[in-house]
Amino acid sequence: MAGDADMSGWTDLLYSSSKLIEQAAPSAQFPPLQRNLDQLESLSKKLKAKTLRAEAPSQSIAVTRLLAREGLNAEQLARDLKSFELKTTFEDVFPSEATTVEEYLQQVHEMTMLSSIQEAQKDNLKCFNDYMMSVLQEDWQKERRDFLESLSRISTLPRTDKHDSSSETHYRGQLIPATSSSQLYRDTAGLEPMPPLTNKPLIEQKAAAYAEVVKNLNAARERGLPFKPAASFKNAYESLKLEPSGPKLVGLLKIWHLVMSLMSEDSAIQSIASKRMSLLMGARRHLQWGHEKYAMDMIQSHPAQAALGGGVGNLQKIRAFLRIRLRDYGTLDFDAGDVHRQPPMDTTWQQIYFCLRTGYYDDAREVSQISRVSQQFTPLLVEWITTGGMVSAQTAAAASEECEKILRMVDRVGRASYDKQKLLLYAIISGSKKLIDRLLRELPTVFNTIEDFLWFMLSACRDSSAGPSSTLQGGMSSYMLEDLQAYLNKFEPSHYTRNGKDPLVYSYVLFLSLQLLPAVVHLSKEVGEDGHGIDAVHIAIVLADYGVLTDVPGPSQTLGIMDTIAETSSIIRQYGAAYLHHGNLFMAVEYYVQAAAAVGGGQLSWSGRCNMDQDRQRKLMLMQLLTEVLLHDGGIYFLLGSRGAGEEGQLGKYLTGVDIRQQFLLQAAERCQDAGLYDKAIEIQKRIGAFSAALNLVNKCLSEAISDLSRGRLDGESRIAGLKHIANDILETFKYCSEISPMESANLMEQQTVLRQLEAILSVHKLSTSGNHLDALREIARLSFLPLDPRSPDAAIDTYKNLSPHVEACVPGLLRDALQCLDSIKDRDTDGSLRALRAQISNFLAKNVNRNWPRDLYEKVARIL
């Protein structure tokens, strides 16, 4: 039905339109047009769009016109506005009654305080969690480091076979391989092959290799043979092939080469400069060696550009390197074919600078002499090379003036008009602190690497011990090593190590700036599986052996000279103590000897060329450390041998004089006695011929054992048997000893008498405890040193007054046993002898009441009487 209605509507509309067309008169202005429905619909949409644009408000048109005048796109702004994201905002809602300003401020104050408290609680909780996490991490790292160090130290213990007695010397508490003692007497000049170290972890291999070098070093120093410890340690490390391959700038092998250069082991020329300048020149030589390797690597990797050809001279190498470095500058002056034509680029200053940078001093002087642009510079360079950098004040002033001219030209014309290498060369010879500080401030990117920077600074440094020569003309101060150290220390270690990615760089920088002890300490604190703490100990051994630690104190170093030496000695000593802890007495002594030599001046202490104070310090340290070894299990037999006072053991190597060995062993025995190590004290005294002192100590121990036995302690019997055996051994040894003084013989006889008196007291106690009371009382009456026999004269009383304290300490127990026996057989007194003995004991106690007898003894006497 709806369809029929729609059709009728369209029919009516069509009919009406037809009528209107028929009625419309034709017009010449508007000719008739024929359009279908689709065309009419399209035209109507276009007409509607034009109508909407025409009806736009005038304000919108004006705004669009204004934005266009200012160069803004209205359509772009409209698109940007569509991308805005509207979010709901929150505002503080206050109660309706808070209508006054005071109430509003009160509400704001309370909310602010609550918010502050909540934020503070959150911050405190976060800080506490962070701190606890850092503490846990530090503890874990410390435990991990200690565990790794213990592994490295265990690896150096000798591997012994307890069942093979033919190839080993057995000592009590330790097995020392027979090869250990023989290794001490080999010819050690640093050329011995390392023993095979296969099937061991890398850290253990490193510790074992270094330990072998330490043995060779001690043997060489003892014999007075030449030895290069830094080179030997470097070779030992290099033989292990532990150097990691990767992008790291510094490895242990590089540091060992630096130490070798610092000690001048890589140079056959003896320097006449001070020790500080000798170290400084060694650091420069190392950097020059590194740059030479870099230049040769560049030449080998770019052979076509280098065009070295058959030239093998140093200057040819530098020019080949410059061809690669300056390849973008066209033909260089030394490659120009026409000498009359101005070359594209003059490389005189480049050649001189890189010859010096690589250590080719003679070639730098040759280039300077033949070039016409460096004629004024030649005498300055020759003096700098000849004097090792210590030029005269006039030469330094001339170089400073030329630097000022170059810098003024830079300020006036621009940086493109000066030669950077020329400025650096004049600055090196001037050594002016003012100029160098200005270079660092105005030209921070003049150096490409840290090595280039340090080489320049070390080349410009002057010796502060040179006195007036350290001040230039015009009152300008020279650049000192302390200035360089202060500048480097302004930066944190992470600045050099790239936040730990290259951990050895900071230690490397400290070594190059001659901050030796801080470098060793920092290296020893490196955490990791590489065992850098082991390397730090042996670098400290090298530095102490050459005695260089007292010559280069750092600018901010709070330790004094003696404290520096003591710190270094302590590092070596602690490493040796680890060997002692694991029972390796042989290697412990080797490192202890180096620790003592460190406080004695190093290598000089072995030959006796150190001063008196250093020698005294070395002997005190050595005796203290050897005492530690002596008191360790097996230490006596290791240091003294199977017999004698050290002639057959290791002690004779380090304490050669008989008197000094005697004094050392006497002090060690006293220390053992104070510490309660009576067995060791007795053994030491017996070894040095102090038989009376040894027997006196045995009597003391025997007296204590008898007293313990009388009080009912069960271990007294076994102790007494051992002490009696030791006492008889002392007396037997005394019989076969020929070199005994009369005084020592007399003292021994006195102690032997004391021993027999103690044995008599012990016999009485045994009879009493076994139930032989009558026999015990007969023995008591026979004691000559006690006035208990009614038939004895009064002289026995005087004998008791001179009684040994060891015997006197056992008298109360003896009297207690006597009274116990009397009480047990009181009914068997047929002749009154027991009553007489009881009265004699009572009179003895009454006459010696000042002896402070035990209270129970008085009570027992009163009960019996």
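Is Cys-461 buried or exposed? Cys-461 is buried, because its relative accessibility is 2%. Buried means under 20% relative accessible area, exposed over 50% and partly exposed in between, with a 1.4 Å probe and protein chains only.

## Basis of the model

This is a predicted model: local features need pLDDT of at least 70, side-chain atom pairs count only at pLDDT 80 or more, and totals for chains, interfaces and linings use all residues. Residues are numbered from 1 along each chain as its sequence is written, and side-chain values use heavy atoms, with hydrogens and water left out.

## Cysteines

Cys-127 has 52% relative accessibility, so Cys-127 counts as exposed. A search of the whole structure finds zero disulfides. The test was a pair of cysteine sulfur atoms within 2.5 Å.

## Nonpolar core

The largest nonpolar core has 212 residues. Such a core is a set of buried Ala, Val, Leu, Ile, Met, Phe, Trp, Tyr and Cys residues joined through side-chain atoms within 4.5 Å. Helix H26 (residues 585-599) gives the most to this core, with twelve residues. Helices here are DSSP runs (H or I, at least four residues), numbered from the N terminus.

Leu-356, Phe-456 and Leu-484 have the most contacts inside the core. Take Leu-484. Beyond its neighbours within four places in sequence, Leu-484 is in contact with Phe-453, Leu-454, Met-457, Leu-458, Cys-461 and Tyr-479. Contact means heavy atoms within 4.5 Å.

## Aromatic pairs

The structure holds 21 aromatic pairs. Rings of Phe, Tyr and Trp (its six-membered ring) pair if their centres lie within 6.5 Å; planes under 30 degrees apart count as stacked, over 60 as edge-to-face and the rest as tilted. One of the pairs joins Phe-321 and Phe-354 edge-to-face, at 5.4 Å centre to centre and 65° between the planes. The pair links distant parts of the chain: Phe-321 is in helix H12 (residues 314-325) and Phe-354 in helix H13 (residues 348-358), 33 residues apart. Phe-321 is buried at 2% relative accessible area, and Phe-354 is buried at 4%.

Tyr-496 and Tyr-506 form a tilted pair, because their ring centres are 5.7 Å apart and their planes lie at 35°. This pair also links distant parts of the chain: Tyr-496 is in helix H21 (residues 493-497) and Tyr-506 in helix H22 (residues 505-512), ten residues apart. Tyr-496 is buried at 10% relative accessible area. Tyr-506 is buried at 12%.

## Loops

Ser-374 lies in the loop between helix H14 (361-370) and helix H15 (378-386). Its relative accessible area is 0%, so Ser-374 is buried. Leaving aside neighbours within four places in sequence, Ser-374 is in contact with Thr-348, Trp-349, Ile-352, Val-367 and Ser-368.

Ser-264 has a positive phi, near 60°, and is not a glycine. Ser-264 sits in the loop between helix H9 (252-262) and helix H10 (275-301). At 23% relative accessible area, Ser-264 is partly exposed. Leu-514 also has a positive phi, about 60°, without being a glycine. Leu-514 is in the loop between H22 and helix H23 (516-524). Leu-514 counts as buried, because its relative accessibility is 0%.

## Helix H32

Helix H32 (residues 678-687) is mostly covered, with eight of its ten residues buried. Among the buried residues are Lys-680, Glu-683, Lys-686 and Arg-687. Gly-689 follows H32 and has a positive phi, near 85°.

How values were computed:
Helices (H or I, at least four residues) and strands (E, at least two) are DSSP runs, numbered from the N terminus.
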